[in-house]
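Here is a short briefing on one protein model. Keep the structure open while you read.

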Amino acid sequence: MKLYVKKIATCILGAFFMVGTLSGCSGSSVSSADYVKAVLDVAYCADDADGNALDMSKDDVEKAKDGCIEKEAEFLTEYFNMEDVSDSTKKSLEGAAEKIFSSAKYTVEEKGDKVLVTIEPLKVLTDSLQEYVDDFNVKKYVEADDSCTEEKFVDGVTKELEKSAEAAEYEKKVEIEIAVTKKDGKYTVSDEDLSAIDDAMFVY
């Protein structure tokens, strides 16, 4: 059984919306590439995420990171067709999401009047993960195995997701050119461009 659920995330299910709609500072020391990198660093929870380019305090940066992790965990819930999940499941998936984010690989640079984002897409859906899901579904829905609980499924899934992050495999680099606009001394980038970046960052 394949996982045919379409990724419905738009900029990590809206987490980018919180970050991307913030107008970054466009002072002489902050380039448009600096702004875009800051948005991505916050959205993907980089340890050295710099909120200065986004006019964000350290507390705001941490809150935004937490929001992005929560949104990715929500996406994982949808992706694996889970409904009304427990708090422990949410916490486990948030932990897996954080591990996935830690393996995100991208660079940002100026390219004329645009910004070039180069991404190495992380392969999240591995053969091992697919095999685990297929086997679990057979046991639960074909063999009616009562031991196939949500807790057991999530435990196996999170272990596989963490392996995907720790033994990271990447697909061919993807280059995305985006436009960064400046108005009233502030940078902004469109939700569409951010969504394109997010769609390329991870392969499910």
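Cys45 counts as buried, because its relative accessibility is 15% and the cut-off for buried is under 20%. The residue sits in the loop between α2 and α3. Its phi is positive, about 60°, although Cys45 is not a glycine. This is a predicted model.

**Positive phi angles**

- Most residues other than glycine have a negative phi.
- Ala144 lies in the loop between α5 (127-142) and α6 (150-166).
- Is Ala144 buried or exposed? Ala144 is exposed, with a relative accessible area of 53%.

**Overall build**

- The protein has 7 helices and 8 strands.
- Of its 204 residues, 46% are buried.
- Take the contacts between residues at least 6 apart in sequence: 76% of them join residues at least 24 apart.
- The exposed surface comes to about 10,900 Å². Carbon and sulfur atoms supply 46% of that area.

**Surface patches**

- Which residues gather in a patch of negative charge on the surface? They are Asp34, Asp47, Asp48, Asp50, Asp66, Glu70, Glu98 and Glu110.
- Asp48, one of the residues in this patch, lies in the loop between α2 (32-43) and α3 (58-79).
- Asp48 counts as exposed, because its relative accessibility is 56% and the cut-off for exposed is over 50%.
- A nonpolar surface patch is made by Val138, Tyr141 and Val142. Its area is about 330 Å².
- Val138 is found in helix α5. Val138 is partly exposed, at 37% relative accessible area.

**Salt bridges**

- How many salt bridges are there? The count comes to 8.
- Glu62 forms a salt bridge with Lys65. Their closest N and O atoms are 3.7 Å apart.
- Glu62 and Lys65 are 3 residues apart in helix α3, so about one helical turn separates them.
- Glu166 and Lys99 meet through their side chains in a salt bridge, at 3.6 Å from N to O. Glu166 lies in helix α6 and Lys99 in helix α4, so this pair ties together parts that are 67 residues apart in sequence.
- Glu166 is exposed, with a relative accessible area of 60%. Lys99 counts as partly exposed, at 32%.
- Asp155 forms a salt bridge with Lys159, with 3.3 Å between the closest N and O atoms.
- Asp155 and Lys159 both lie in helix α6. They are 4 residues apart, which is about one turn of the helix.
- Asp155 counts as partly exposed, at 39% relative accessibility.

- Ser92 lies in helix α4 (residues 87-102).
- Ser92 is partly exposed, with a relative accessible area of 31%.
- Which residues does Ser92 contact, leaving aside its neighbours within four places in sequence? They are Val154 and Thr158.
- Ser92 and Thr158 are 66 residues apart along the chain. Their C-alpha atoms are separated by 6.8 Å.

**Two buried threonines**

- Thr77 has its place in helix α3. Thr77 counts as buried, at 12% relative accessibility.
- Neighbours within four places in sequence aside, Thr77 is in contact with Met82, Val85 and Leu93.
- Where is Thr118? Its place is in strand β3 (residues 114-120).
- Thr118 is buried, with a relative accessible area of 12%.
- Neighbours within four places in sequence aside, Thr118 is in contact with Lys105, Tyr106, Thr107, Lys173, Val174 and Glu175.

How values were computed:
Residues numbered from 1 in each chain as written. Predicted model: local features only at pLDDT ≥ 70, side-chain atom pairs only at ≥ 80, totals over all residues. Heavy atoms only, no water. Buried < 20%, exposed > 50% of the residue type's maximum accessible area, 1.4 Å probe, protein only. Contact = heavy atoms within 4.5 Å. Areas by Shrake-Rupley, 256 points an atom, 1.4 Å probe, with all protein chains shown as cover. Patch = residues over 30% accessible without salt bridge, like charges linked within 9 Å, V, L, I, M, F, W, Y side chains within 5 Å. Salt bridge = Lys/Arg side-chain N within 4 Å of Asp/Glu carboxyl O. Lys, Arg positive; Asp, Glu negative; His and termini not counted. Charge placed at Lys NZ, Arg CZ, Asp CG, Glu CD.
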